[in-house]
Amino acid sequence: MTHDVSLIAAVAVSLALAFGFGFLAQWLRLPPLVGYLAAGVVVGPFVPGYEVDGSLAGQLAEIGIMLMMFGVGLHFSISDLLAVRRLAIFGAVGQIVIATAVGTGLALAWGWSLGAGLVLGLSLSVASTVVLLRALESRNALTSTNGRIAVGWLIVEDLAMVLILVLLPAMVETLGGSAGPGAHAGSDHGLLLTLFITLAKVSILVGVALTVGPRVLPWLLRQVARTGSRELFTLAVLAMALGIAFTAAALFDVSFALGAFFAGLVLNKSELSHKAATNSLPLQDAFGVLFFVSVGMLFDPSILIREPAMVAGVVGLVVIGKSAVALAIVLLLRYPMSTALTVAAALAQIGEFSFILGGLGLAYGLLDIEGFNLVLAGALFSIILNPLAFAAVDQLSAWIRSRPQLNRRFEEQRATGLEQVQAELEAARAQAELRAAAIKTFTPEELAAQFPLFADLTPEQREALVLHFQPHTAEPGERIIRAGALADALYLISKGEVEVTVDGQQISTRGPGELFGEMALLTGGRRSADITALDYSRFAMLSGRDFHRFLRRYPEIRANITALAAERSRQPAAQAAAFSVDDPKAS
């Protein structure tokens with residue numbers, strides 16, 4: 001019995017060659033992305049030898065696009081963007097408009113149509129966030145003020161490209177292209193009505209995503225996480241990313257990429273977003289590699305011989321033109337030269353959105369294969385040259401700092417704007433930490449360190465237990481537990497101090513690292529003591545239902561609690577009752 005192994009061959013060969021060429025690129029101090037593109041060129045139809053099935057690679061690449069856009073939404077920080085808005089929004093929009101105009105003009109000078117020139121200009125105007133992040137990480141500059149400004153600038157570019165991906169299909173026929181997938185709406189309506197319908201659909205999608213999504217998806221993800229199954233959690237994240245992307249495309253006629261972006265955006269504010277990002281990262285990496293390999297398969301290296309002047313023009317626009325425009329904008333806005341140089345180097349390349357836009361233009365007949373090859377050539381060479389751009393920036397910045405007059409003019413006298421951005425970034429970081437603290441209970445490590453009762457659990461079991469806890473706070477004088485009430489929760493004290501009283505008489509106090517209320521949950525008895533906060537206190541609260549569910553899964557915890565009960569039963573009755581805050585009959 002024979003089997004069709006074309007899919008297996010496409011994945012195996014693509015990943016194997018991507019690894020080999022990526023490792024070689026890294027050894028040559030180039031981004032691995034260059035190696036992935038080169039691997040695609042080798043298995044593409046334009047190079048003799050083994051050829052991967054392009055249709056299968058294209059579908060795998062579509063999954064890669066969705067997962068990358070899901071990751072963009074998952075890591076999107078509106079607070080960081082607002083902190084750098086004065087520079088990032090004006091600068092990014094201005095740079096996109098100018099670069100697009102120059103690219104369009106260049107294409108018109110070559111005799112191309114307006115639609116082809118517009119797609120080329122847009123493709124060359126947006127830099128790769130993936131390439132920038134990796135460049136900043138390698139320089140330990142990702143958390144620096146200039147680094148965060150550059151990232152904010154590219155986030156604005158990404159958002160602008162998301163809007164372009166929505167609007168371009170509606171304008172295909174007006175720009176001289178042919179109606180393709182997602183462009184059918186324009187065939188029966190005028191341009192303005194088509195744009196209105198498109199924006200209305202997207203608005204509905206945004207409304208549903210931002211109102212229903214945050215109430216449903218994080219709750220569903222939490223229920224899955226509570227099972228303690230890493231496989232189920234990863235599967236849930238993947239199903240949400242791809243499922244929402246497919247549903248958005250089917251119901252709202254938007255791209256898979258846009259639907260995946262909103263899926264990530266919905267989960268962004270969830271306390272499980274970090275876990276979702278961590279679990280989905282290997283999938284993003286693997287399918288992202290296949291995306292870049294499939295892009296490389298479309299590149300015809302012979303264009304370097306046929307049209308060297310065009311290739312030089314495209315690379316010059318990306319590496320020199322865009323950087324010069326960004327440098328001028330930042331300096332005109334009265335920011336330091338070091339900031340301007342960092343942004344300029346960050347923009348001296350193009351990447352994933354350029355491929356997506358170029359591929360969209362190719363699919364709709366706006367851009368021919370020659371134009372798409374120019375976009376690919378621009379990406380390939382600009383990514384190769386980008387480390388040199390950052391090295392040149394370092395040397396130029398050091399040269400300016402070494403000359404007092406230049407340093408005073410281009411750095412010290414322009415420091416006000418940068419200091420304001422630094423202050424807003426610090427304020428945004430502090431707010432983010434407060435929000436994180438408001439929903440944080442313990443890490444699995446803190447749980448084991450502070451509460452020996454749970455020390456015997458494995459890290460995975462403690463992680464599952466932590467997901468069951470809910471944060472609870474109390475002000476001084478607030479009664480947390482009332483005597484005679486039914487036991488409904490267990491409390492772990494993470495901050496502050498509480499007072500235990502029986503019949504109005506103080507028995508003891510409890511502080512961080514102690515717990516109360518667990519015994520009555522086992523026996524179903526009533527509380528025999530009042531618990532009152534003595535100062536501002538924080539607790540991790542575990543509901544009775546979750547407590548019993550966890551005991552059924554991990555019975556060794558029940559044995560630990562039984563041993564604790566036996567120890568307390570040997571204490572004076574009043575003290576034992578106060579300590580457990582349970583019915584003394586229970587012990």
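Arg334 sits in the loop that links helix H15 (308–332) to helix H16 (337–346). In this predicted model, Arg334 has a positive phi of about 65 degrees, although it is not a glycine. With a relative accessible area of 47%, Arg334 is partly exposed. A second residue of this kind is Asp503, which is not a glycine either and has a positive phi of about 55 degrees. Its setting is the loop between strand E4 (498–502) and strand E5 (505–510). Asp503 has a relative accessible area of 81% and is therefore exposed, as the cut-off for that class is over 50%.

The chain contains 26 helices and eight strands. Of its 587 residues, 50% count as buried. Among contacts with a separation of 6 or more, 78% join residues 24 or more positions apart.

Two packed helices are described by the angle between their axes and the distance between the axes. For helix H17 (residues 352–363) and helix H18 (residues 369–401), the angle is about 175 degrees and the axes are 9 Å apart. H17 and H18 are therefore roughly antiparallel to each other, since angles over 145 degrees fall in that class. On the H17 side, the residues that meet H18 are Ser354, Phe355, Gly358, Gly359 and Leu362. Their partners in H18 are Ile369, Phe372, Val375, Leu376 and Ala379. Sorted by class, this contact of H17 with H18 comprises seven nonpolar residues, three polar ones and no charged ones.

Helix H2 (residues 32–42) also packs with H18, at an angle of about 150 degrees and with the axes 9 Å apart. This angle makes H2 roughly antiparallel to H18. The crossing of H2 and H18 is left-handed. Here Leu33, Val34 and Leu37 in H2 meet Leu380, Ile383 and Ile384 in H18. The contact of H2 with H18 has six nonpolar residues, with no polar and no charged ones.

How much of H2 is buried? Nine of the 11 residues of H2 are buried, so this helix is largely enclosed by the rest of the structure. Leu33, Val34 and Leu37, which meet H18, are among the buried residues of H2.

Ser123 belongs to helix H6 (residues 114–125). Is Ser123 buried or exposed? Its relative accessibility is 0%, so Ser123 counts as buried, the limit being under 20%. A polar atom of the Ser123 side chain lies 2.8 Å from the backbone oxygen of Val119. Leaving aside neighbours within four places in sequence, Ser123 is in contact with Ile350, Ser354, Leu357, Gly358 and Val375. Among these partners, Ser354 and Gly358 in H17 and Val375 in H18 also take part in the contact between H17 and H18.

Conventions
Residues numbered from 1 in each chain as written. Predicted model: local features only at pLDDT ≥ 70, side-chain atom pairs only at ≥ 80, totals over all residues. Heavy atoms only, no water. Axes fitted to C-alpha atoms, helices over the stretch in contact; angles between N-to-C directions. Helix = DSSP H or I, 4+ residues; strand = E, 2+ residues; numbered from the N terminus. Parallel < 35°, antiparallel > 145°, perpendicular 65-115°, else oblique. Contact = heavy atoms within 4.5 Å. Nonpolar A, V, L, I, M, F, W, Y, C, P; charged D, E, K, R; others polar. Left-handed = near helix turned anticlockwise from the far one by under 90°. Buried < 20%, exposed > 50% of the residue type's maximum accessible area, 1.4 Å probe, protein only. Polar contact = N/O pair within 3.5 Å; in protein donor to acceptor, adjacent residues only side chain to side chain.
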